[in-house]
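Here are some notes for a colleague who is opening this structure for the first time. Please read them with the sequence and the view side by side.

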Amino acid sequence: MDLNEARQGLKSAGRRLLEHDLTWGNDGNLSVRLNHDRYLITASGTRLGELGDDDFVECSFNGPLSGSGKPSKETPMHRAVYEQRPEIRAVLHASPFYSTLVACTDMPIPADLFVEDMYYIERVARVAYFHPGSPELGEAVREQAREANILLLENHGVLVYDTSIGEALMGLQTLEMVCRMAITARSAGLELRSLPAATVADFLDNSGYRPRREWSQ
Ligand SMILES: [Zn+2]
């Protein structure tokens, strides 16, 4: 992906996050892979809903390229995902209300309610709390990066990554919707009706909804 295409893709993704209440204030950071060992990430202190052409920093796995500005301090998480998962093209980090509320509890996230839920929420891994931007958080993400495409960062927010910006956005939107649904149902005293495990497995293997994800374990 060339630089201009990468910038446009991230600007558009940032606007969508704001429109859908998936970011607030200067919360969150976004990146896209440029090639096998470089990625473009939002700069430190940017607002995702109003990203301009100067709000991005090109980085290699060794750090920002010289003269390209100061990247988001949460760069270690992004780099860890790109290093562990060569097929991943986009990484989104934000703290949307319902997902972050669940990340502040031990509540499980159902993956057997509706179509997008079964596909995108098939696997969610939890990462223990470490301070934002710390090497410890980067290492914790590195350890879990192969387990799932959605990492719930406890008492912090979420990290969602996929083979395109569009698929990563779908993952993030679906996660927020499922968390909102689960919490709303609980508040209203409604019991959610789960699909049977065999139906979920059949959907994932045979429905042709999206290419079946392959997990290493
Ligand atoms: Zn953060």
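This is a predicted model: local features need pLDDT of at least 70, side-chain atom pairs count only at pLDDT 80 or more; totals for chains, interfaces and linings use all residues.

1. Because Glu 74 sits in the loop between β4 (63–64) and α2 (75–84), while His 156 sits in the loop between β7 (150–153) and β8 (157–162), the pair ties together parts that are 82 residues apart in sequence. Glu 74 and His 156 are both buried.

2. The largest nonpolar core has 41 residues, of which Leu 17, Leu 30 and Ile 109 touch the most other members. Helix α6 (residues 165–188) gives the most to this core, contributing 9 residues. Another core, of 22 residues, lies apart from it, and includes Ile 41, Ala 140, Ala 145 and Leu 151.

3. In helix α7 (residues 197–206), the buried residues are Val 200, Phe 203 and Leu 204. They cover an arc of only 90° around the axis, so they are on the same side of α7. These buried residues of α7 pack against α4 (115–120), whereas the face turned away from the buried side carries the exposed residues Ala 198, Asp 205 and Asn 206.

4. After α7 comes Gly 208, whose phi is positive, near 70°.

Technical notes. Residues are numbered from 1 along each chain as its sequence is written. Side-chain values use heavy atoms; hydrogens and water are left out. Helices (H or I, at least four residues) and strands (E, at least two) are DSSP runs, numbered from the N terminus. Buried means under 20% relative accessible area, exposed over 50%, partly exposed in between (1.4 Å probe, protein chains only). A nonpolar core is a set of buried Ala, Val, Leu, Ile, Met, Phe, Trp, Tyr and Cys residues joined through side-chain atoms within 4.5 Å. The arc is that of the directions from the helix axis to the C-beta atoms. Contact means heavy atoms within 4.5 Å.
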